[in-house]
Amino acid sequence: MELLRQRILQDGRCFEGGILKVDSFINHQMDPVLMKSIGVEFVRRFAGTKVNKIMTIEASGIAPAIMTGYLLNLPVVFAKKKKPSTMEHMLHTQIHSFTKDRTYDVVISNDFLTPDDHVLFVDDFLAYGNAAVGVLDLIEQSGATLVGMGFIIEKAFQEGRKLLEEKGVRVESLAIIDDLSNCTITIR
């Protein structure tokens with residue numbers, strides 16, 4: 001996706017340790033035109049699949065998931081990183097965040113993720129695959145079916161794709177970062 005590629009090279013910032021900061025256009029301040037283009041591309045890539053629900057995890061996946069859900073006229077549900085006292089029929093997993101170096105209890109209501117659901121998971125980054133594996137756990141607990149996972153940016157050098165594909169997951173990434181060595185962004 002050329003528009004995304006250009007924005008990453010123009011506005012993305014690299015930090016030591018394989019960190020790519022895209023907070024000026026994806027996950028803090030958001031570019032709605034770019035988000036629409038991202039949604040359109042996910043719709044194109046997953047055309048012909050039997051999807052009836054879009055899923056993400058808070059917070060950075062919400063914008064692309066909402067745009068994808070809007071374009072497909074489908075509901076969007078997101079897993080929460082804190083257990084609400086009002087949530088009923090809670091499914092629970094734990095996810096370790098590479099970026100924040102902490103483990104989160106992640107929950108979703110089984111009222112909104114059911115065996116009738118065919119889920120497309122959308123998120124901002126695929127790195128080591130920790131969040132995606134946690135989401136797989138929630139989907140399995142619910143009895144729903146995963147159709148595929150779409151990521152805005154994949155860090156290929158952190159091997160999350162390999163982990164997911166070994167589990168039989170269809171992975172679609174809109175921009176693949178091959179290397180961030182010496183704080184230079186190398187996009188496939």
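This is a predicted model: local features need pLDDT of at least 70, side-chain atom pairs count only at pLDDT 80 or more; totals for chains, interfaces and linings use all residues.
Trainee: Which domain does UniProt place at residues 47-162?

Mentor: The unreviewed UniProt entry gives "domain: Phosphoribosyltransferase" for residues 47-162. UniProt positions are in the numbering used here, feature names are shortened, and annotations may be inferred rather than shown by experiment. In the model, the end C-alpha atoms of residues 47-162 lie 23 Å apart, and the span is 23% helix and 39% strand. Helices (H or I, at least four residues) and strands (E, at least two) are DSSP runs, numbered from the N terminus.

Trainee: What makes a space a pocket, and what makes a residue part of its lining?

Mentor: On a 1 Å grid over the protein atoms alone, a cavity is a set of points where a 1.4 Å probe fits but cannot get out, whereas a pocket is an open set with protein on both sides within 12 Å along at least five of seven lines; a lining residue has an atom within 4 Å of a point. The largest pocket holds about 780 Å³ of space, where grid points are joined across faces, edges and corners and the volume is the space filled by probe spheres set on the points. Its lining has 31 residues, of which Ser60, Ser97, Thr99, Asp124 and Phe125 lie nearest the centre. Strand 7 gives the most to this lining, with 4 residues.

Trainee: Why is Ala127 called buried?

Mentor: Buried means under 20% relative accessible area, exposed over 50%, and partly exposed in between (1.4 Å probe, protein chains only). Ala127 has 14% relative accessibility, and therefore counts as buried. Ala127 lies in the loop between strand 7 (118-126) and helix 4 (130-142). Not counting residues up to four places away in sequence, Ala127 touches Lys155, Gln158, Glu159 and Gly160, contact being heavy atoms within 4.5 Å.

Trainee: Why is Asn130 described as partly exposed?

Mentor: The relative accessible area of Asn130 is 30%, so this residue is partly exposed. Asn130 lies in helix 4 and, leaving aside neighbours within four places in sequence, is in contact with Ile95 and His96. A polar atom of the Asn130 side chain lies 3.1 Å from the backbone oxygen of His96.

Trainee: What makes the pair of Arg45 and Glu41 a polar contact?

Mentor: A polar contact is a pair of N or O atoms within 3.5 Å; within protein, one must be able to donate a hydrogen and the other to accept it, and residues adjacent in sequence count only if both atoms are side-chain atoms. The side chains of Arg45 and Glu41 make such a contact at 2.8 Å. Arg45 lies in helix 2 and counts as buried because its relative accessibility is 18%.

Trainee: What makes a set of residues a nonpolar core?

Mentor: The set must consist of buried Ala, Val, Leu, Ile, Met, Phe, Trp, Tyr and Cys residues joined through side-chain atoms within 4.5 Å. The largest such core has 28 residues, of which Leu4, Ile8, Leu20, Ile26 and Ile153 touch the most other members. Helix 2 gives the most to this core, with 4 residues. Apart from it lies another core, of 24 residues, among them Val106, Leu138, Ile139 and Leu164.

Trainee: What makes the peptide bond from Glu58 to Ala59 cis?

Mentor: Omega for that bond is near 0 degrees. Ala59 lies in the loop between strand 3 (53-57) and helix 3.

Key. Residues are numbered from 1 along each chain as its sequence is written. Side-chain values use heavy atoms; hydrogens and water are left out.
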